[in-house]
Amino acid sequence: MRAQVIRRAKEGLLEDEDLQHLVLERLDEDPAFWTGTGKNRLEIAVEVSDGHVVLKGTVRTALDKRRADLLARPLGASTVDNRLVVSDQRPKAKRIA
């Protein structure tokens with residue numbers, strides 16, 4: 001069943017909701033997006049509109065950001081807008097003395 005869904009995705013035949021579900025499933029299955037304890041997945045939101053995928057959230061490394069992008073692209077997405085933020089690149093809050 002899953003092979004059929006991936007085949008349909010590559011042919012551009014998936015509805016937005018199905019594409020969103022497939023991208024989320026692939027991210028959930030990838031151990032790179034789990035925390036060190038293996039209990040919690042990093043929070044990555046996937047939005048799909050007319051085949052355009054938007055990734056939002058925070059990842060640990062630039063490699064994780066690129067990996068998420070690569071996982072979403074071959075699934076039939078027209079484009080992938082990767083808005084993921086690398087945790088060590090987040091702007092630091094200014095301290096008010």
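The largest nonpolar core of this predicted model has 20 residues, and those touching the most other members are Leu19, Val23, Leu27, Phe33, Val46, Val53 and Leu55. A nonpolar core here is a set of buried Ala, Val, Leu, Ile, Met, Phe, Trp, Tyr and Cys residues joined through side-chain atoms within 4.5 Å; buried is under 20% relative accessible area, exposed over 50%, and partly exposed in between (1.4 Å probe, protein chains only). At least two core residues come from each of helix H2 (16-29), strand S1 (44-49), strand S2 (52-59), helix H3 (62-72) and strand S3 (79-86), with H2 giving the largest share, 4 residues. Helices (H or I, at least four residues) and strands (E, at least two) are DSSP runs, numbered from the N terminus. Beyond its neighbours within four places in sequence, Val46 is in contact (heavy atoms within 4.5 Å) with Gln20, Val23, Leu24, Leu27, Val53, Val54 and Leu55.

Over in strand S3 sits Asn82, which counts as buried because its relative accessibility is 19%. Its side chain reaches the backbone oxygen of Lys65 at 3.0 Å, and a polar atom of that Asn82 side chain lies 3.1 Å from the backbone nitrogen of Leu84. Setting aside residues up to four places away in sequence, Asn82 touches Leu55, Lys65 and Asp69.

As for the whole chain, its 3 helices and 3 strands follow the pattern α-α-β-β-α-β along the sequence. Of its 97 residues, 30% count as buried.

Residues are numbered from 1 along each chain as its sequence is written, and side-chain values use heavy atoms, with hydrogens and water left out. As the model is predicted, local features need pLDDT of at least 70 and side-chain atom pairs count only at pLDDT 80 or more, while totals for chains, interfaces and linings use all residues.

Conventions
Polar contact = N/O pair within 3.5 Å; in protein donor to acceptor, adjacent residues only side chain to side chain.
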